Amino acid sequence: MSQDTPTLFEWAGGSEALNRLTQTFYKKVSRDSVVGPVFKNMSPDHPAHVAAFIGEVFGGPKTYSENHGGHREMVMHHLGKHLSEEQRRRWIKLLVDAADDVGLPDDPEFRSAFMAYVEWGSRLAKMNSNLGAICDPETEPMPAWGWGVPGGPYKPPPSGN
């Protein structure tokens, strides 16, 4: 990718767009019978914190890491929540609906990267929600998502392994 290629954060519309996304999303969540109960004690700042997290993952400012503890802290918020597959799928549906409602870019390349992160992140959240152990901060780096696999959190192992 050239240096002129915008980050997913920039392509999405920056902090303003991601804050609109999470505000709209959590309004939907609060009215939803499947995922609403999980967030019933959510602080009023929660949508802004999640917007900052997504923004950082998508190549924006490191606001979440600097002010809220980074990926390890996000993982910690999910421990013991015992999320179900039904809740995970509803969470995705509501987030995609919110993305459409607020006008996030709908070009295939952006939506493919966005959905790849949403799918990966929601599966990780579900998995972590069912763990009893505390995660090790050294093993929980902030994901860095980009355009396609090379920008994602995992790289394929070298051939022959």
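Which residues is Tyr 117 in contact with, leaving aside its neighbours within four places in sequence? They are Phe 53, Val 57, Phe 58, Ser 122 and Trp 145, where contact means heavy atoms within 4.5 Å. Before we go on, a word on what you're looking at: this is a predicted model, in which local features need pLDDT of at least 70 and side-chain atom pairs count only at pLDDT 80 or more, while totals for chains, interfaces and linings use all residues. Residues are numbered from 1 along each chain as its sequence is written, and side-chain values use heavy atoms, with hydrogens and water left out.

**The overall picture**

The protein chain has 7 helices and 0 strands. Helices here are DSSP runs of H or I with at least four residues, strands are runs of E with at least two, and they're numbered from the N terminus. Follow the sequence along and you get the pattern α-α-α-α-α-α-α. Of the 161 residues in the protein chain, 39% are buried. Buried means under 20% relative accessible area, exposed means over 50%, and partly exposed is in between (1.4 Å probe, protein chains only). Now take the contacts between residues at least 6 apart in sequence: 74% of them join residues at least 24 apart.

**Back to Tyr 117**

Tyr 117 sits in helix H7. With a relative accessibility of 10%, Tyr 117 counts as buried. Val 57, one of its contacts, is 60 residues away in sequence, yet the two C-alpha atoms are 9.1 Å apart in space.

Across the whole structure, a search turns up 12 aromatic pairs. Rings of Phe, Tyr and Trp (its six-membered ring) pair if their centres lie within 6.5 Å; planes under 30 degrees apart count as stacked, over 60 as edge-to-face and the rest as tilted.

Take Trp 11 and Trp 147: their ring centres are 5.7 Å apart and their planes stand at 85°, so this pair is edge-to-face. The pair ties together distant parts of the chain, with Trp 11 in helix H1 (residues 8-12) and Trp 147 in the segment after H7, 136 residues apart. Trp 11 is partly exposed, at a relative accessible area of 39%.

Phe 110 and Phe 114 make a stacked pair, 5.9 Å centre to centre with 25° between the planes. They're 4 residues apart in helix H7, so about one helical turn separates them.

**How the helices pack**

Axes are lines fitted to C-alpha atoms, for helices over the stretch in contact, and angles run from 0 to 180 degrees between N-to-C directions.

| Helix pair | Axes | Angle |
|---|---|---|
| H6 (residues 85-102) and H7 (residues 108-129) | 10 Å apart | about 150° |
| H2 (residues 14-30) and H3 (residues 46-57) | within 8 Å | roughly 135° |
| H2 and H6 | within 8 Å | roughly 130° |

What do those angles tell you? Under 35 degrees counts as roughly parallel, over 145 as roughly antiparallel, 65 to 115 as roughly perpendicular, and the rest as oblique. So H6 is roughly antiparallel to H7, H2 is oblique to H3, and H2 and H6 are oblique to each other.

A crossing is left-handed if the near helix is turned anticlockwise from the far one by less than a right angle, and right-handed if clockwise. H6 and H7 cross in a right-handed way, H2 and H3 make a right-handed crossing, and H2 passes H6 in a right-handed crossing.

Who does the touching? Between H6 and H7, the residues include Trp 91, Ile 92 and Leu 95 in H6, with Phe 114, Met 115 and Val 118 among those in H7. That contact divides into 8 nonpolar, 1 polar and 7 charged residues. Here Ala, Val, Leu, Ile, Met, Phe, Trp, Tyr, Cys and Pro count as nonpolar, Asp, Glu, Lys and Arg as charged, and the others, Gly among them, as polar.

For H2 and H3, Leu 18, Gln 23 and Tyr 26 are among the H2 residues, and Val 50 and Ile 54 are among those of H3. This contact has 7 nonpolar, 5 polar and no charged residues. Gln 23 counts as partly exposed, at 36% relative accessibility.
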